[in-house]
Amino acid sequence: MPQAGTVTFPRYTRPAIMKPAASAAVDPLSAHTPMMQQYLRVKADHPDKLVFYRMGDFYELFYDDARKAARLLDITLTSRGQSAGAPIPMAGVPFHAIEQHLARLMRLGESAVIVEQFGDPATSKGPVERRVARIVTPGTLVDANLLDPTTTCLLAACVIAGKRAGVAWLDLAAGRLTMADVPATDLAATLERIEPAELLVPEDGGVPPLRRASVPVRSRPAWHFDAAAGARALAKQLGTQDLRAFGAEDAPIATGAAGALLDYAAATQQASVAHLATIAVERPGTQVALDAATRRNLEITRTLSGEPAPTLLSMMDACVTSAGSRLLRDWLLQPLRDAAAASARHDAVEVFVRDPGLRRRVRESLARVSDVERIASRVALAQVRPRELAALGTTLAALPAIRDTIADAGVPLLRDARSALDVEPRWAALLARAIAPEPSAQLRDGGVIADGHDAELDELRSIDRDCGAFLADLERRERERSGIPGLKVEYNRVHGFYIEVTHAQAGKVPDDYRRRQTLKNAERYVTPELKTFEDKALSAQERALAREKLLFDELVVELGGAVATLQRAAAALASLDVLAGLADRAEALALVRPAFTMESRIEIRGGRHPVVERQVEHFIPNDVVLAPDRRLLIVTGPNMGGKSTYMRQTAVIALLACCGSFVPAVSATLGPIDAIYTRIGAADDLAGGRSTFMVEMTEAAAILHRATPQSLVLVDEIGRGTSTYDGLALAWAIAHRLAETNRSLALFATHYFELTALAAEIPGCANVHFDAVETPREGIVFMHAVEDGPASRSYGLAVAKLAGVPADTVRQARNYLARLDAFAHAGEGQSDLFSAQAPAAEDAEVARARALAERVASLDPDALSPREALDALYELRRLASAD
């Protein structure tokens with residue numbers, strides 16, 4: 001006989017209760033059934049989105065949605081039911097795998113509507129109640145499983161009013177809204193800078209041209225972009241009477257675009273965006289302008305081939321948090337014009353550089369914190385997950401230690417960070433008390449609320465957990481009370497819990513026993529105590545999950561009061577991470593603090609390119625000086641000699657300095673910089689119908705129209721895509737305009753040696769060059785060191801040989817080069833440079849060598865007879881002779 005306390009019972013799992021079908025002959029998926037009518041109403045409201053319709057353990061798609069999803073997601077397409085006499089196409093995904101499929105759709109620029117089942121099949125009359133739970137679009141992602149942790153996901157809206165345009169962009173995952181009014185001609189460039197994941201435009205406003213054709217564009221009713229309505233919506237959102245406190249009067253057109261964003265975001269989340277508590281208005285002149293060509297040519301976040309590394313961001317990102325990596329990306333793409341603000345960042349970086357121990361302690365602490373910024377947003381939107389709250393609680397508990405670590409730092413940015421990290425202890429205490437140390441990933445799985453937080457939940461869990469022990473104890477007590485040693489307390493799915501007594505002992509049962517079932521050899525009874533326990537036990541698990549969900553929802557609502565505080569703390573943590581990471585890079589890459597001056601100049605000693613330096617065995621540093629009396633440098637030298645790297649590293653050093661980073665140089669002093677412009681490389685625009693030369697001239701025109709005396713301009717080999725003289729003339733004129741009209745600080749690389757004469761024509765123009773040495777044994781050796789004065793030659797043929805161009809082709813090119821030189825010396829024009837008749841000045845030895853090479857190349861040894869081979873040998877001897 002089993003001992004008391006050792007009897008175990010199977011955990012009770014309530015079977016699903018299915019309502020009987022009204023008619024077995026009617027397929028619930030037929031088009032005229034109430035359930036499909038329910039689906040069709042949802043689809044009519046969202047014709048441009050894929051509708052995922054919850055049915056049991058699957059999300060189903062129908063009709064064209066099913067066909068499209070099957071193609072995009074590689075899932076099975078099937079059919080069921082009838083619509084107009086034809087089967088209804090159908091495809092589905094398991095409910096637990098929905099996130100991975102949504103992530104794939106977002107990368108493809110699609111949008112999805114998630115319809116959840118809210119009703120209980122056991123109690124609902126008619127079709128189970130279903131509602132749209134959320135709408136997922138590429139620009140409104142907030143779920144951690146759908147977001148890239150190190151990049152920002154932006155939803156943008158734009159509207160054009162005459163010659164001006166308004167742009168607003170929202171980071172819903174962080175609760176940041178920014179807006180700006182720009183000239184209509186700058187709208188496309190602004191959108192390219194923002195890089196939105198999704199763009200909203202008025203139905204009648206047209207679509208601005210975008211380089212990234214993959215950006216999904218949504219047309220919205222024009223009245224959604226009304227400026228007055230947008231101002232009212234923003235004021236209501238921010239809880240203010242008007243928007244003057246935020247400077248919105250500087251962006252009246254963008255206010256309408258911001259209103260459209262608010263409406264769209266609230267519609268997709270099926271809730272208000274309560275965590276949006278402030279707006280930022282971007283004003284001209286606050287940032288160093290970087291156009292699309294500059295961001296591409298400097299390879300800030302992507303290489304020229306589109307890869308994420310090696311780039312400036314990948315080289316400088318030593319952050320230990322994802323929020324820090326996102327902030328560093330923003331800093332690199334939005335360098336500061338305000339030297340005082342950049343110097344404040346330098347001050348903080350210097351604190352960490354000078355105190356490696358402090359830097360190590362801060363980075364070790366930050367490595368253990370969660371993404372507070374995004375968790376706070378999900379709290380506000382009631383989309384936070386249990387493990388995120390557990391991580392948030394751990395982070396909040398660590399904040400006092402981080403504050404103490406930087407307590408002695410006296411620089412403003414670190415003082416501000418310490419102040420922002422002063423979060424009320426009650427929030428950490430609440431999370432520690434309410435959330436289990438290791439909660440389940442999903443609320444539906446239970447085990448989220450900590451034991452001891454709620455007495456009713458503890459009781460329900462105790463019933464579920466201690467069922468076996470209770471029944472063993474009851475069995476022992478009933479045996480003692482009744483005097484029936486063979487009494488058993490058992491359970492089955494049909495009759496629930498019962499006490500079983502053999503017929504021989506039935507006369508001893510107490511009066512409070514009530515017969516439940518009669519068997520051949522035994523009777524089964526139930527007592528009031530067992531019946532009460534049964535009612536609790538059979539519903540304990542279900543009631544525990546429901547209670548847990550209620551408590552979790554109440555906790556999320558309570559945490560909503562801490563969202564603003566959490567956002568400030570998140571910004572401080574990200575800032576600390578970036579500053580400490582930049583200090584780490586400064587030490588690892590031998591970077592120095594730059595200096596700022598009010599004089600218009602850039603003076604760099606021993607400058608290096610931080611990315612290229614890591615890709616080569618030995619990098620040669622170079623100096624650059626740009627000043628009022630040295631505004632335009634004509635850079636000449638061989639291909640692969642280092643001209644492009646020299647120019648790019650100058651821009652990268654200026655960019656890093658304005659971002660607040662230390663720079664790769666021995667020393668660097670920079671004056672005011674309002675923009676960095678580059679015209680580097682060659683690429684056509686086939687989709688836009690523009691040739692390589694047209695792209696080159698378009699970029700050059702943009703520079704000439706926009707560059708100011710405080711702009712840094714890089715021009716590399718302008719004029720290559722047309723005839724020699726046309727290109728030379730254009731390069732000459734562009735250099736003149738940069739030096740005399742724009743008066744920008746400019747580096748102008750060229751292979752037109754005629755441009756070196758500009759140093760004698762234009763005040764403030766100077767020549768610098770890179771040299772190379774060519775030896776018979778080692779071939780060409782590049783010096784990679786910049787020197788004053790013009791280059792003596794280009795070494796193009798030597799570079800061609802180095803690149804693997806066939807030797808006979810190089811020799812032929814050398815012959816043609818000799819002809820060109822002869823023409824140049826004889827004063828001949830551009831025509832007939834490559835005619836068959838050689839000039840009289842051609843050297844006889846060169847002619848013999850050419851004839852010999854051509855004859856050898858024409859021979860086919862395998863096709864010659866012995867006699868023909870002997871004749872050919874005598875012919876070659878004659879050609880090689882002096883006669």
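Modeller: A polar contact is a pair of N or O atoms within 3.5 Å; within protein, one must be able to donate a hydrogen and the other to accept it, and residues adjacent in sequence count only if both atoms are side-chain atoms. Here, a polar atom of the side chain of Thr636 lies 2.9 Å from the backbone nitrogen of Ala791. Please note that this is a predicted model, in which local features need pLDDT of at least 70 and side-chain atom pairs count only at pLDDT 80 or more, while totals for chains, interfaces and linings use all residues. Residues are numbered from 1 along each chain as its sequence is written, and side-chain values use heavy atoms, with hydrogens and water left out.

Biologist: Where is Thr636 placed, and is Thr636 buried or exposed?

Modeller: Helices (H or I, at least four residues) and strands (E, at least two) are DSSP runs, numbered from the N terminus. Thr636 belongs to strand S21, residues 632–636. Buried means under 20% relative accessible area, exposed over 50%, and partly exposed in between (1.4 Å probe, protein chains only). Thr636 is buried because its relative accessibility is 0%.

Biologist: Which residues is Thr636 in contact with, leaving aside neighbours within four places in sequence?

Modeller: Contact means heavy atoms within 4.5 Å. On that basis Thr636 is in contact with Lys643, Thr750, Phe753, Thr756, Val768, His769, Phe770, Pro790 and Ala791.

Biologist: What share of the protein chain's contacts between residues at least 6 apart in sequence join residues at least 24 apart?

Modeller: The share is 66%. The protein chain has 28 helices and 27 strands, and 48% of its 883 residues count as buried.

Biologist: Where is Arg608 found, and what does its side chain make a polar contact with?

Modeller: Arg608 sits in the loop between strand S19 (602–607) and helix H20 (610–613). Its side chain makes a polar contact of 2.8 Å with the side chain of Glu613. Arg608 counts as buried because its relative accessibility is 10%. Among the residues that Arg608 touches are Leu589, Phe619, Gln649 and Pro664.

Biologist: Which backbone features deserve attention in the loops?

Modeller: A cis peptide bond, with omega of about 0°, joins Ala309 and Pro310. Pro310 lies in the loop between helix H7 (292–297) and helix H8 (312–316). Glu299 is also found in the loop between H7 and H8, and has a positive phi of about 50° although it is not a glycine. Ala382, likewise not a glycine, has a positive phi of about 55°. Ala382 is in the loop between helix H12 (372–380) and helix H13 (386–405), and is exposed, with a relative accessible area of 60%.
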